[in-house]
Amino acid sequence: MKTRKDTKTGILDAAEVLFASRGPNATSLRQIIGKAKVNLAAIHYHFGSKESLLEAVLARRLVPLNAERLALLEDYERTAGKRAVPLPKVLEALVGPALRLSRDPGKGGERFMRLLGRCVLEPDEKIQGLINTQFHYVLERFRPALLKALPNLPPEEFFWRIHFLVGAMAHTMADSERLRDISGGLCNPDDTEGMVQRLVSFLNAGLKAKS
């Protein structure tokens, strides 16, 4: 017999699969009910609405991801004391956990990255709001460390480069398998730590480039 926890997890799993493959707006509660093998009352009991269900699906992966990012940053800040945390360390704390999640099948990495990609492209204000809330929370915490590591970067230039940083990170998370194909197997996206270090080096150079 399923417990309430099992039922809730089953609904989240089913919704994540369908949202990732069809997109949130193209997925109906009826489809989620069918895949999760529950009734509508179970979804209303645990989540209340499809919008709240999508928020829970995103939070299930993003909350622990962001907690890991912040824990790494805080550890680097303790080590640095009053000095600025070196920029590569700040970047590793920001992009490392995300890239590791994207390559972790045990945490639904590939599927969740596909879902995030669909959410970013959905022309829906509510969905964009959910994504922006999570991103702004992380950016606000990382911004002081980034600014301290880049003391001479003008504010306008800072935000342009953060925009490019997010784009490079998102593309690497969502489409790293393409790299294997276009390199003829020379580049191995399964080398997660190598991918993290290469992206950190690339972003470090870009953020420090003369404006």
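Reader: Which side chains meet in a salt bridge with Arg 111?

Author: That's Glu 16: its side chain and that of Arg 111 meet in a salt bridge at 2.9 Å, N to O. A salt bridge here is a side-chain nitrogen of Lys or Arg within 4 Å of a carboxyl oxygen of Asp or Glu. Glu 16 lies in helix H1 and Arg 111 in helix H6 (residues 109-121), so the pair ties together parts that are 95 residues apart in sequence. Helices are DSSP runs of H or I with at least four residues, numbered from the N terminus.

Reader: What kind of model is this, and how are residues numbered?

Author: It's a predicted model, where local features need pLDDT of at least 70, side-chain atom pairs count only at pLDDT 80 or more, and totals for chains, interfaces and linings use all residues. Residues are numbered from 1 along each chain as its sequence is written, and side-chain values use heavy atoms, with hydrogens and water left out.

Reader: Ok, back to Glu 16. Buried or exposed?

Author: Buried, at 0% relative accessibility. Buried means under 20% relative accessible area, exposed over 50%, and partly exposed in between (1.4 Å probe, protein chains only). Arg 111 is partly exposed at 25%.

Reader: How many salt bridges does the count come to?

Author: 17 by this rule. Another one joins the side chains of Glu 177 and Arg 180 at 3.0 Å, N to O. Those two are separated by about one helical turn, because they sit three residues apart in helix H9 (residues 177-182). Glu 177 is partly exposed at 36%, and Arg 180 is partly exposed at 25%.

Reader: Switching topic: where is Thr 27?

Author: In the loop between helix H1 (4-22) and helix H2 (29-36). Thr 27 counts as buried, at 1% relative accessibility. A polar atom of the Thr 27 side chain lies 2.8 Å from the backbone oxygen of Gly 23.

Reader: And what is Thr 27 in contact with?

Author: Leaving aside neighbours within four places in sequence, Thr 27 is in contact with Leu 18, Phe 19, Arg 22, Ile 32 and Lys 50. Contact means heavy atoms within 4.5 Å.

Note on methods:
A polar contact is a pair of N or O atoms within 3.5 Å; within protein, one must be able to donate a hydrogen and the other to accept it, and residues adjacent in sequence count only if both atoms are side-chain atoms.
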